[in-house]
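Open the model in a viewer and keep the sequence beside it. The stops below go from the whole chain to single residues.

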Amino acid sequence: MPRKLLLPYKSVFSHFRAPRGLHDSLAMNAARIPYQFPFTDTTLKIKSLYIKKRLGAELGKSVVYQETNGETRVEIKESVRGQDIFIIQTIPRDVNTAVMELLIMAYALKTSCARNIIGVIPYFPYSKQSKMRKRGSIVCKLLASMLAKAGLTHIITMDLHQKEIQGFFSFPVDNLRASPFLLQYIQEEIPDYRNAVIVAKSPDAAKRAQSYAERLRLGLAVIHGEAQCTEQDMDDGRHSPPMVKNATVHPGLELPLMMAKEKPPITVVGDVGGRIAIIVDDIIDDVESFVAAAEILKERGAYKIFVMATHGLLSADAPRLIEESSIDEVVVTNTVPHEVQKLQCPKIKTVDISLILSEAIRRIHNGESMAYLFRNITVDD
């Protein structure tokens, strides 16, 4: 069957409420693959064009909008019965609305008798909330359960904050890696990268930095003791006295007291003097820690500083702080829309990862192995 491209479908709404979002769909041979992007989001439109061009796919028809009372409504404008559906959802600034749109879209496709519903979510939201924090909750597990209940049968994502998040799902999860694209950028776009050193801005990021260093045959440095507020610094009432007066303790019960952590002064483990410093991480959101790390590296003699990450959330005043900092360049992929931030700060550069997403969609649709996309990927990557 010849493949063709259709223009995005746009429905007509009441004059006082413009549609918030527009959903298209990709079709591969006989199967139609719904595709979603916010109506005013240039980044996702560009990404959709990349994916459509690589797949040679056509667009289907569906629309998402908000009612005047704020409720989200989804309308599927063509039959999806017995077909494989791929919903592409990149999380914009309004995370909760995007998540709700994804859930309702998946449920609408489920009730429309789609055969398989695969979510393509390059940046998985709430991935930082994947561990229990005292009286908190593991929100990432809750979201995984909601997606399964809504009807998703498979997820394609990229560089989960913690790889263990895959265990939260009751269906398959393909956690793709952006590191090959970032490594290629280092080799092709950073002059004299052989004189560089890979830097982890905290011991937690050391494994990722070590992976980059070993693949590029470069040195490794780790910043230790950065000043930041930890959960130990917060008073949550755990050590408050018991509520019951004259409470008795078992006479033989003497629990050992856990010694409090004390952070050492900020130090850089490794030589960065006269070198290019490349800080690597998975997410760049609040950039204060990256700016502080860049200042330390400058003091230790690094003459150029790059920051590289998969997901460029770049919240709040991130563009201004980057522009005023010692950082020479911030390189992120287009898993998250950041066109506005790029206009505010020319130091921000983008690496396109639509190629691997397109190939993952093609392989899953055709029932091919995904092993090729994970070649040379180790457990620690």
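Helices (H or I, at least four residues) and strands (E, at least two) are DSSP runs, numbered from the N terminus. Colour the protein by these elements and you will find 9 helices and 15 strands.

This is a predicted model, in which local features need pLDDT of at least 70, side-chain atom pairs count only at pLDDT 80 or more, and totals for chains, interfaces and linings use all residues. Residues are numbered from 1 along each chain as its sequence is written, and side-chain values use heavy atoms, with hydrogens and water left out.

**The whole protein**

Show the surface. Its accessible area is about 19800 Å², and carbon and sulfur atoms hold 54% of that; such areas come from the Shrake-Rupley method with a 1.4 Å probe, and for residues only the protein chains shown count as cover. Of the 381 residues, 49% are buried. Buried means under 20% relative accessible area, exposed over 50%, and partly exposed in between (1.4 Å probe, protein chains only). A contact means heavy atoms within 4.5 Å. Among contacts with a separation of 6 or more, 67% join residues 24 or more positions apart.

**Cysteines**

Select Cys113 and then Cys345. Which of the two is buried? Cys345 is buried, at 0% relative accessibility, while Cys113 is partly exposed at 35%. A search of the whole structure finds 0 disulfides, a disulfide being a pair of cysteine sulfur atoms within 2.5 Å.

**Helix 2 and helix 3**

Select residues 95-111 for helix 2 and 139-150 for helix 3; their axes come within 8 Å and cross at roughly 25°. Axes are lines fitted to C-alpha atoms, for helices over the stretch in contact, and angles run from 0 to 180 degrees between N-to-C directions. Helix 2 and helix 3 are therefore roughly parallel. Angles under 35 degrees count as roughly parallel, over 145 as roughly antiparallel, 65 to 115 as roughly perpendicular and the rest as oblique. Show side chains where the two helices touch: helix 2 contributes Val99, Leu102, Leu103, Ala106, Tyr107 and Lys110, and helix 3 contributes Leu143, Met146, Leu147, Lys149 and Ala150.

**Helix 4 and helix 5**

Move to residues 179-189 (helix 4) and 206-216 (helix 5), whose axes come within 11 Å and cross at roughly 50°. This pair is therefore oblique. Ser179, Leu182, Leu183, Ile186 and Gln187 of helix 4 meet Tyr212, Arg215 and Leu216 of helix 5.

Stay on helix 5 and select Ala209, Ser211, Tyr212, Ala213 and Leu216, which are buried. What do the buried residues of helix 5 pack against? They pack against helix 4, strand 9 (196-200), strand 10 (219-224) and strand 12 (276-284). Arg217 follows helix 5 and has a positive phi, near 60°.

**Two loop residues**

Select Asp159, in the loop between strand 7 (154-158) and strand 8 (173-176). Asp159 is not a glycine, yet its phi is positive at about 45°. Asp159 is also buried, at 7% relative accessibility.

Next select Leu314, in the loop between strand 13 (304-312) and helix 7 (318-324). Leu314, also not a glycine, has a positive phi of about 50°. With a relative accessible area of 1%, Leu314 is buried.

**Last stop**

Find Gln66 in strand 3 (residues 58-66); Gln66 is buried at 14% relative accessibility.
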